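Please read them with the structure open.

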Amino acid sequence: MAAYFLEHIRSHYKLPTKTLDDQFIRNVQFKTGVDETEIRNIISSIRYAIDAPAVSAKEVVEFHKQLESFL
C-alpha cells in the first residue's frame with residue numbers, strides 16, 4: 001500500500017519520493033491541498049511499517065483508512 005501511495009504521488013503530482021522529509025510533506029500538501037497533519041500521519045505510518053519487525057492487522061487497516069481519506 002505504501003508503494004502504491006508513493007507511486008500515486010510520483011505519477012499524479014510529479015514529486016520525487018526518495019526522501020520523505022518535511023520538505024516532501026510540504027510539497028505534497030501544496031500540490032494536493034490535503035491537510036498537512038493527514039500527510040504527516042501517512043508518512044509516519046510508512047516509516048513505522050518499514051522499521052517495525054511486524055505490523056498488526058489493525059495497523060494495516062488504519063493505514064488503509066488513512067490512504068482512502070487521502071485519495
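1. Rings of Phe, Tyr and Trp (its six-membered ring) pair if their centres lie within 6.5 Å; planes under 30 degrees apart count as stacked, over 60 as edge-to-face and the rest as tilted. The structure holds one aromatic pair by this definition. Phenylalanine 5 and phenylalanine 70 form that pair, with 5.2 Å centre to centre and 75° between the planes, which is edge-to-face. Phenylalanine 5 belongs to helix α1 and phenylalanine 70 to helix α4 (residues 57-70), so the pair ties together parts that are 65 residues apart in sequence. Helices (H or I, at least four residues) and strands (E, at least two) are DSSP runs, numbered from the N terminus. Both phenylalanine 5 and phenylalanine 70 are buried, where buried means under 20% relative accessible area, exposed over 50% and partly exposed in between (1.4 Å probe, protein chains only).

2. On provenance: this is a predicted model, in which local features need pLDDT of at least 70 and side-chain atom pairs count only at pLDDT 80 or more, while totals for chains, interfaces and linings use all residues. Residues are numbered from 1 along each chain as its sequence is written, and side-chain values use heavy atoms, with hydrogens and water left out.

3. Helix α1 (residues 2-13) and helix α3 (residues 36-51) have axes that come within 11 Å and cross at roughly 135°. That makes α1 oblique to α3; angles under 35 degrees count as roughly parallel, over 145 as roughly antiparallel, 65 to 115 as roughly perpendicular and the rest as oblique. Axes here are lines fitted to C-alpha atoms, for helices over the stretch in contact, and angles run from 0 to 180 degrees between N-to-C directions. The crossing of α1 past α3 is left-handed, a term used if the near helix is turned anticlockwise from the far one by less than a right angle, with right-handed used if clockwise.

4. Which residues of α1 and α3 meet? On the α1 side they are Ala2, Phe5 and Leu6, and on the α3 side Ile42, Ile43 and Ile46. Contact means heavy atoms within 4.5 Å. The residues of this contact of α1 with α3 divide into six nonpolar, no polar and no charged. For these classes, Ala, Val, Leu, Ile, Met, Phe, Trp, Tyr, Cys and Pro count as nonpolar, Asp, Glu, Lys and Arg as charged, and the others, Gly among them, as polar.

5. The axes of helix α2 (residues 22-32) and α3 come within 9 Å, crossing at roughly 130°. The two helices are therefore oblique to each other, and α2 passes α3 in a right-handed crossing. From α2, Asp22, Phe24, Ile25, Val28, Gln29 and Thr32 meet Glu36, Ile39, Arg40 and Ile43 of α3. By class, the contact of α2 with α3 has five nonpolar, two polar and three charged residues.

6. For α1 and α2 the packing angle is about 55°, with the axes 12 Å apart. That makes α1 oblique to α2. The crossing of α1 past α2 is left-handed. Leu6, Ile9 and Tyr13 in α1 meet Phe24, Val28, Lys31 and Thr32 in α2, and the residues of this contact divide into five nonpolar, one polar and one charged.

7. Is histidine 8 buried or exposed? Histidine 8, in helix α1, is buried, with a relative accessible area of 13%. Leaving aside neighbours within four places in sequence, histidine 8 is in contact with Tyr13, Phe70 and Leu71.

8. Leucine 67 lies in helix α4 and counts as buried at 6% relative accessibility. Apart from neighbours within four places in sequence, leucine 67 is in contact with Met1, Phe5 and Ile42. The C-alpha atoms of leucine 67 and tyrosine 4 are separated by 9.7 Å, although these residues are 63 residues apart along the chain.

9. Tyrosine 4 is found in helix α1 and is exposed, with a relative accessible area of 54%. Between the C-alpha atoms of tyrosine 4 and glutamate 68, 64 residues apart along the chain, the separation is 12 Å.

10. Lysine 14 sits in the loop between α1 and α2. Its phi is near 55°, a positive value in a residue other than glycine. Lysine 14 is exposed, with a relative accessible area of 63%.
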